[in-house]
Amino acid sequence: MKVKKMTSDLKGKSVLVTGANRGIGKAILEEAIQRGATKVYAAVRDVESAKPLVSEHGNKVVPVHLDLDDPASIVAAADTASDVDIVINNAGVMRTASAVSDDAIEALQFELNANVFGLLRVAKAFAPVLKANGGGTLAQLNSVASLTTFPEFATYCASKAASYSITQALRESLRDQGTHIVSVHPGPIQTDMGASAGFGDAAASPTLVAESVFDAIDQKQFFAWPDPMAEQVGAAYQSFAENVIESGMQESLG
């Protein structure tokens, strides 16, 4: 189910990436510039952290304050990035907590606030902007963990399952305004989060995720399966995805 890689043309396009200062977000920002984006908003909690990106890429990078925990900052970012064509909600959090950990409820509340409520806040703030600019694209970084549970990361998996559910709903809710939705499902990736989770050598490059996001946008695909583990999960999930998620059967299952 992996989208065939191709070179997209983002000339004249403005892109916003949450969590753009490191890891997957930084790779997505760099890929957008490589593919010709005129402007990339680096939406980060601390705008100072985006200064190295400005030093490297010049005025193509515009730092903007955005904190998924702070609804007002998201609304303000949408006002600033009023010309945006593509919004990529990459930022997220993870705690290592099993379903029976002493801090399981606290961990889940923390993860839900950023990974699910944050997505809802971003979608609510940016949907009108995308509509005004012709529809555009909203891409959400979900995970293979949204489809299956890893016991030691149970609360994180639950939060990503919820964000994937919201992503599916956004696909239907924003269809009429012409907004394309992409659900990105990476496996273990070489990031600070991945290192803290102990993924080690099994983790794939963030570049694979960045390429997959824009390839999915080009191909008008809903799913993006960036790395080897993701491809395996996507292949196993393909029948359900095609016959239920992508066919709109969820309406008839009511």
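How do β5 and strand β6 pair, in the parallel or the antiparallel sense, and over how many bridges? They pair in the parallel sense, over five bridges, where pairing takes at least two DSSP bridges between two strands. Strand β6 covers residues 180–184, and within β6 His-180 is the bridge partner of Thr-137.

Before going on, keep in mind that this is a predicted model, in which local features need pLDDT of at least 70 and side-chain atom pairs count only at pLDDT 80 or more, while totals for chains, interfaces and linings use all residues. Residues are numbered from 1 along each chain as its sequence is written, and side-chain values use heavy atoms, with hydrogens and water left out.

Now look at the other neighbour of β5. Strand β4 (residues 86–89) runs parallel to β5, joined by four bridges; here Ile-88 sits opposite Ala-139. As for the labels, strands are DSSP runs of E with at least two residues, helices are runs of H or I with at least four, and both are numbered from the N terminus.

Follow the chain between these strands and you meet two helices. Helix α4 (residues 104–132) makes a right-handed β-α-β unit with β4 and β5. Right-handed here means that, with the strands pointing away from the viewer, the path from the first strand over the helix to the second runs clockwise. Helix α5 (residues 154–173) is part of another right-handed unit, this one with β5 and β6.

So how covered is β5, residues 137–141? Five of its five residues are buried, that is, under 20% relative accessible area with a 1.4 Å probe and protein chains only; over 50% is exposed, and in between is partly exposed. One side carries Thr-137, Ala-139 and Leu-141, the other Leu-138 and Gln-140.

Let's turn to charged side chains. The whole structure has eight salt bridges, each a side-chain nitrogen of Lys or Arg within 4 Å of a carboxyl oxygen of Asp or Glu. One of them joins Arg-35 to Glu-31 at 2.7 Å, N to O, and both residues are buried. This pair belongs to a salt-bridge network that also takes in Asp-215 and Asp-218.

Glu-172 has two arginine partners to look at. The closest N and O atoms are 3.3 Å apart in its bridge with Arg-171 and 2.8 Å apart in its bridge with Arg-175. Arg-171 counts as buried because its relative accessibility is 15%. Glu-172, at 25%, is partly exposed, and Arg-175 is partly exposed as well, at 44%.
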